[in-house]
Amino acid sequence: MPPGADRRCGHSPWPSPVCYAPAAGAREAGANHPNRRHGRGGALPCLEGSDGPMGIPRRGDPLALFHEWYAEAQQLDIEEPTAVTLATADARGRPSARMVLLKGADENGFVFYTNLASRKGRELQENPYAALCFYWMSLGKQVRVEGPAAQVTDEEADDYFATRGRQSQIGAWASKQSQPLDTRFALEKRVAKYALKFGAGAPPRPPFWSGFRIRPESIEFWQAMPFRLHDRLRYARGADGEWTTENLFP
Ligand SMILES: Cc1cc2nc3c(=O)[nH]c(=O)nc-3n(C[C@H](O)[C@H](O)[C@H](O)COP(=O)(O)O)c2cc1C
């Protein structure tokens, strides 16, 4: 039985008497659900055949739940469902955030690729902890991931680099990511230089370009619910590697 499933009422995912289902005679079920504002329309998914809005399904494995949500985002034809905010911090703990694209997620962690000499690359080498925040607005869903970050193996980075388009491969060589750039022309000259250098052959992965894997110590799922009484479920990984869960106030 999933955590929290034992004492559900017929409408709510919470192990408590809290129930968001409308009273008999109330307006159409889910009319106030935040998803409606984002044009999702139609009947909201319900628990156990009830007419109440659904919260987060309780699962033993947060990765399985992440993939369920990610699959939903892909089905909705959301542009760049893999886009995620990555937060890092320097050695003094000063934070910075930017978007990256997620290139893999499994029990070992969440992977993205970048220039190792970029600001994020340098910060992760100084202070190897990171946070990710996904938000799929039309689903009313947010996922937050936190944990230590480590560089992927050279083989993994080579394999991924080989799947990139040629222009992106040349771009990786040409960009001194995060360093000051005098003119756009200076960048274009570097692109031309590397295009010439690699000719018709496949550009190898630059030694300054690789990926990072964030091994989650916590993963929090957030589902928009009516009246801002959002559903939050945080998984924390213990020293034994086992996941425990707790609900959080919205
Ligand atoms: C949707 C989106 C996806 C991006 N994906 C990546 C990525 O996967 N890797 C990357 O290095 N930069 C990516 N960028 C650019 C970064 O946001 C950022 O500008 C760049 O990496 C430099 O960041 P830094 O100076 O903090 O290192 C992306 C930007 C956007 C808007």
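Modeller: Strand β4 is mostly covered, as 5 of its 7 residues are buried. This is a predicted model, in which local features need pLDDT of at least 70 and side-chain atom pairs count only at pLDDT 80 or more, while totals for chains, interfaces and linings use all residues. Residues are numbered from 1 along each chain as its sequence is written.

Colleague: Which strands pair with β4, and what makes them pairs?

Modeller: Two strands pair if DSSP finds at least two bridges between them. Strand β3 (residues 104-106) is joined to β4 by 3 bridges, and strand β7 (residues 209-214) is joined to β4 by 6 bridges. Against the threshold of two, both therefore qualify as pairs. β3 runs antiparallel to β4, and so does β7. Gly104 has Val111 of β4 as its bridge partner, and Phe112 stands opposite Phe212 in β7. β3 and β4 form a hairpin, with 2 residues between them.

Colleague: Which elements supply the shell around the ligand?

Modeller: β2 (95-101), β4 and α3 (119-126) each supply at least two residues. β2 gives the most, with 5 residues. A residue is near a molecule if its C-beta atom, placed from the backbone, lies within 6 Å of it. Among the 16 residues around the ligand, those that come nearest are Arg98, Thr114, Ser118, Arg119 and Ser178.

Colleague: How is the shell around the ligand divided by residue type?

Modeller: The division is 6 nonpolar, 6 polar and 4 charged. Ala, Val, Leu, Ile, Met, Phe, Trp, Tyr, Cys and Pro count as nonpolar, Asp, Glu, Lys and Arg as charged, and the others, Gly among them, as polar.

Colleague: Which residues of α3 are buried, and how do you know on which side they lie?

Modeller: Lys120, Gly121, Glu123 and Leu124 are buried in α3. They cover an arc (of the directions from the helix axis to the C-beta atoms) of only 165° around the axis, so they are on the same side of α3. The buried residues of α3 pack against β1 (83-89), β2, β4, β5 (129-136), β6 (141-151) and β7.

Colleague: Why is Ala149 called buried?

Modeller: Ala149 is found in strand β6. Ala149 counts as buried because it has 24 C-beta neighbours inside 10 Å, against the cut-off of 20 or more.

Colleague: What is Ala149 in contact with?

Modeller: Contact requires C-beta atoms, placed from the backbone, within 7 Å. Apart from neighbours within four places in sequence, the contacts of Ala149 are Leu124, Pro128, Tyr129, Ala130, Phe212, Arg213 and Ile214. The C-alpha atoms of Ala149 and Gly109, 40 residues apart along the chain, are separated by 8.8 Å.

Colleague: Where is the predictor's confidence under 50?

Modeller: pLDDT, the predictor's confidence in each residue from 0 to 100, stays under 50 over residues 1-52. The model has 79 contacts beyond four places in sequence for those residues. The chain averages a pLDDT of 83, and 78% of the residues score at least 70.

Conventions. Two residues are in contact if their C-beta atoms, placed from the backbone, lie within 7 Å. Helices (H or I, at least four residues) and strands (E, at least two) are DSSP runs, numbered from the N terminus. A residue is buried if 20 or more other C-beta atoms lie within 10 Å of its own, exposed if 12 or fewer, and partly exposed in between; C-beta atoms are placed from the backbone.
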